[in-house]
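User: I would like to learn how to read a few features of a model, one at a time. Could you give the general idea first and then the case at hand?

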Amino acid sequence: MLLQVLLVSAFAADISRDVRAGREDESIENDGYLEVSFSAILNEMPIPGADRYVGTIGLGGHYRYKRFFIDAHAESYNQFQFGLNAYSGDIWSVDLLGASSEHGVDSELNRELIAFTQREPAGYLGVRATGYNGPFIFQFEALGDVSDVHDGALLTASAARTWLYHNWNFHALLGARFESAKTLDYQFGIDPIEATAAYPVYEAGSGTTFVTEFGVTYPLSENFILKTTGRWWELPSAVVGSPFITNDSYLTFSASITFVY
Amino acid sequence: MTVIYLTSSGLRSLLLLATLVFFPLSGFAQDSQKNDDVAGDAAAESDVIEQPKAEIKVSPNRCVTLRQGQPCFVRVRFNWQSSEVVKACLYGVEGKELKCWQASSEGNAYIAQTLPNTTEYVLINDEGVELSRASVSVAWVYKKKRSKRRWRLF
């Protein structure tokens, strides 16, 4: 079964990528790579009727030309990002960021909910600061919808640490993402025109999602890597009240083989 | 400034002198070189006779890290064979002695290694003569992390 991004997959594209691939060499003017990943995922999703086991094929990549970059990452929260690296120091890197993101519940999880879950992807603009200090990575991101989809805003703070043991690259990540009422209501609210007896009207307020992630990355060869990831999500109460969300937390495990070119 | 004028007879005399002086010297030089070569060949033959032939093999010969610049961990299997019984030692990263054999014409070892980069392994006998060498290269998936260059847009 081919399934795209779930409720929310990873927290931020770059920190999810950086904990595995390391900080990019911003002094290289023209650089990039493509990725194809084959994943098996175990979900304990708080969505009625959601599959526990799913398989995915993910396409992603990264390309930089001088200070401009585009980024599509299979494990990212923002499915597609582009921007300009405005500052690059020994520790901090600051990007002006544009992103296209389809948050919320994947309509593939339960076709009965498609009327409530099939939302338009929003276009965001904002800024992102990432700090690199030895094995630690910190990231702060502020994005606002500029596409008139919901006019909401996102604020994200994440911290990650990496360990290396015998070519096995371990990482742990803690993150918090605040989403404005407009953003969450667009994803999890039910308008009067959509409401049914089973799924009554619901208006979501603002809230913060927390995530804890552990992962391991192992290079199988110069072009293939093995990734395993476990994530624990704590959803905001504003989301838990939605008629199609059944729990305030959920867990995912994934294992994937990724081809890097 | 000093100017030297040569007449035609003077020029002929100079050419003759040059011929007498330089050709014997150059001939001597060639002979000397030849003699050196012969001596060198003899010494080389002597070395070939004295030094046993040895070959060392390593497996795997490549180690892959996730990121360029990371140390690469690998368990390397070494196998060597020599045409004669030798006392020899195996040296690896930064010339560190890994294992010695007291009197053997072959040897093997299975040693965990953390390689900072591509590494040469050298088998050296007790006289300090290199018998054989092999290398384990280090490759990576993602290119090197950023350099120390800094810049800003604003």
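User: How exposed is B:R133, by its relative accessibility?

Analyst: This is a predicted model, and in it B:R133 has a relative accessibility of 42%, so that this arginine counts as partly exposed. Its salt-bridge partner is B:E130, with 2.9 Å from N to O between the two side chains, and B:E130 is likewise partly exposed, at a relative accessible area of 37%. Salt bridges with shared partners join B:E120, B:E130 and B:R133 into one network.

User: What is the general idea behind such pairs, and how many salt bridges does the structure hold over all chains?

Analyst: Side chains of opposite charge can pair when their charged atoms come close. Over all chains, the structure holds 7 salt bridges. One of them is formed by A:R128 and A:D95, at 2.9 Å from N to O. Because A:R128 belongs to strand β6 (residues 122–133) of chain A and A:D95 to strand β5 (residues 92–101) of chain A, this pair ties together parts that lie 33 residues apart in sequence. Both A:R128 and A:D95 are buried.

User: Which parts of chain A does the pair A:E141 and A:R177 tie together?

Analyst: The side chains of A:E141 and A:R177 meet in a salt bridge at 4.0 Å, N to O. A:E141 lies in strand β7 (residues 136–145) of chain A, while A:R177 lies in strand β9 (residues 168–179) of chain A, and therefore the pair connects parts that are 36 residues apart in sequence.

User: How should I read backbone angles, and what is phi of A:H166?

Analyst: Most residues other than glycine have a negative phi, and most peptide bonds are trans. A:H166, which is not a glycine, has a positive phi near 55°; this histidine sits in the loop between β8 (153–165) and β9 of chain A, and it is partly exposed, with a relative accessible area of 28%. In chain B, B:E94 also has a positive phi, of about 55°, although it is not a glycine. B:E94 is placed in the loop between β3 (72–91) and β4 (97–115) of chain B, where it counts as exposed at 82% relative accessibility. As for peptide bonds, the one from B:S59 to B:P60 is cis, with omega near -5°, and B:P60 lies in the loop between β1 (54–59) and β2 (62–67) of chain B.

User: Which residues of helix α3 of chain A are buried, and where do they lie around the axis?

Analyst: An α-helix has 3.6 residues a turn, so residues three or four places apart point the same way. In helix α3 (residues 181–188) of chain A, the buried residues are A:T183, A:L184, A:Q187 and A:F188. Seen down the axis of α3(A), the buried residues fall within an arc of 100°, which means that they line one face of the helix.

User: Where in chain B is confidence lowest, and where is it highest?

Analyst: Where pLDDT is low, the predicted coordinates should not be read in detail. Chain B averages a pLDDT of 72, with 59% of the residues scoring at least 70. Within chain B, confidence is lowest in helix α1 (residues 8–50), at a mean of 42, and highest in β2(B), at 94. Over residues 1–46 of chain B the pLDDT is below 50, and this stretch has 4 contacts in the model beyond near neighbours in sequence.

Terms used:
Residues numbered from 1 in each chain as written. Chains lettered and ligands numbered in written order. Predicted model: local features only at pLDDT ≥ 70, side-chain atom pairs only at ≥ 80, totals over all residues. Heavy atoms only, no water. Helix = DSSP H or I, 4+ residues; strand = E, 2+ residues; numbered from the N terminus. Buried < 20%, exposed > 50% of the residue type's maximum accessible area, 1.4 Å probe, protein only. pLDDT = per-residue confidence, 0-100. Contact = heavy atoms within 4.5 Å. Arc of directions from axis to C-beta.
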